[in-house]
Amino acid sequence: MSTLAVSTSTSGTASALRRLYFVRFAFAIVWALVMFTMASKISPVAAVLLVLYPLFDVGAAVVDAKASRATRSPVLLYVNMAVSLVAAVGVGIASTSGIPAVLRVWGVWAIVSGLVQLIVAVPRRKMGGQWPMIISGGISILAGASFVASAGADKPMLTGAIGYAVPGGVFFLISALRLGRAAKEN
């Protein structure tokens with residue numbers, strides 16, 4: 001493959017990821033704003049929204065895998081799809097047991113998906129815009145551990161898990177902006 005072909009496929013991947021990251025930012029912010037109004041208990045609407053977040057992650061990983069095929073194997077993205085799908089089912093089931101169960105499932109999902117995000121982003125550094133994803137993956141691992149720990153609190157609330165979406169969204173925004181700048185430099 002020529003240098004021009006490699007550069008074009010990398011540029012196409014960066015462009016697709018940039019669009020995806022903008023959508024992920026918007027979704028995370030809107031989702032968090034809606035969920036903050038329901039943080040003290042799990043209503044049927046809150047349960048649906050809690051399941052929707054990891055399902056959205058599945059969809060985003062599908063788009064990412066499709067965009068990334070030209071530049072690298074999407075195997076880890078398939079792992080992320082499976083993990084997020086299992087998390088959506090787990091959160092749905094946990095929602096019937098209460099906030100502590102949801103926090104435990106959400107926490108384990110944050111740990112595993114953060115690890116996958118970290119592992120996917122490191123080789124993408126050369127494309128540009130991936131340092132926010134690397135940092136976000138690391139923070140997700142730490143946040144997930146805190147969600148699992150907070151499930152044992154006297155009055156656990158969903159605010160921490162909901163607040164997790166906001167910085168994640170901001171990291172997607174920063175990465176999208178950096179990918180745009182990197183594309184202009186190439």
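How do the residues of the lining of the largest pocket divide into nonpolar, polar and charged? They divide into 18 nonpolar, seven polar and four charged. This is a predicted model.

**Overall fold**

The protein has seven helices and zero strands. Along the sequence the pattern reads α-α-α-α-α-α-α. Of the 186 residues, 47% are buried. Among contacts with a separation of 6 or more, 76% join residues 24 or more positions apart. The accessible surface is about 9200 Å². Carbon and sulfur atoms account for 71% of that surface.

**The largest pocket**

The largest pocket has a volume of about 480 Å³. Its lining holds 29 residues. R24, D57, Q117, S136 and F172 lie nearest the pocket centre. Several helices contribute to the lining. At least two residues come from each of α1 (3-36), α2 (44-68), α3 (75-94), α4 (99-121), α5 (131-150) and α7 (165-185). Helix α4 gives the largest share, with six residues.

**Aromatic pairs**

The model contains nine aromatic pairs. In one of them, F27 and F56 are stacked, with 3.8 Å centre to centre and 10 degrees between the planes. F27 sits in helix α1 and F56 in helix α2, so this pair ties together parts that are 29 residues apart in sequence. F27 is buried, at 18% relative accessible area. F56 is partly exposed, at 24% relative accessibility.

Another pair joins Y53 and W106. Their ring centres are 5.6 Å apart and their planes stand at 45 degrees, so the pair is tilted. Y53 belongs to helix α2 and W106 to helix α4, and the two are 53 residues apart.

| Residue | Relative accessible area | Class |
|---|---|---|
| F27 | 18% | buried |
| F56 | 24% | partly exposed |
| Y53 | 12% | buried |
| W106 | 0% | buried |

Which residues do ring pairs link into a cluster? The cluster consists of F27, W31, Y53, F56, W106 and W109.

**A glycine in helix α1**

Helix α1 also contains G12. Is G12 buried or partly exposed? G12 has 38% relative accessibility, so it counts as partly exposed. G12 and S68 are 56 residues apart in sequence. In space, their C-alpha atoms are 8.9 Å apart.

Definitions and conventions. Residues are numbered from 1 along each chain as its sequence is written. This is a predicted model: local features need pLDDT of at least 70, side-chain atom pairs count only at pLDDT 80 or more; totals for chains, interfaces and linings use all residues. Side-chain values use heavy atoms; hydrogens and water are left out. On a 1 Å grid over the protein atoms alone, a cavity is a set of points where a 1.4 Å probe fits but cannot get out, and a pocket is an open set with protein on both sides within 12 Å along at least five of seven lines; lining residues have an atom within 4 Å of a point. Grid points are joined across faces, edges and corners, and a volume is the space filled by probe spheres set on the points. Helices (H or I, at least four residues) and strands (E, at least two) are DSSP runs, numbered from the N terminus. Ala, Val, Leu, Ile, Met, Phe, Trp, Tyr, Cys and Pro count as nonpolar, Asp, Glu, Lys and Arg as charged, and the others, Gly among them, as polar. Buried means under 20% relative accessible area, exposed over 50%, partly exposed in between (1.4 Å probe, protein chains only). Contact means heavy atoms within 4.5 Å. Accessible areas come from the Shrake-Rupley method with a 1.4 Å probe; for residues, only the protein chains shown count as cover. Rings of Phe, Tyr and Trp (its six-membered ring) pair if their centres lie within 6.5 Å; planes under 30 degrees apart count as stacked, over 60 as edge-to-face and the rest as tilted.
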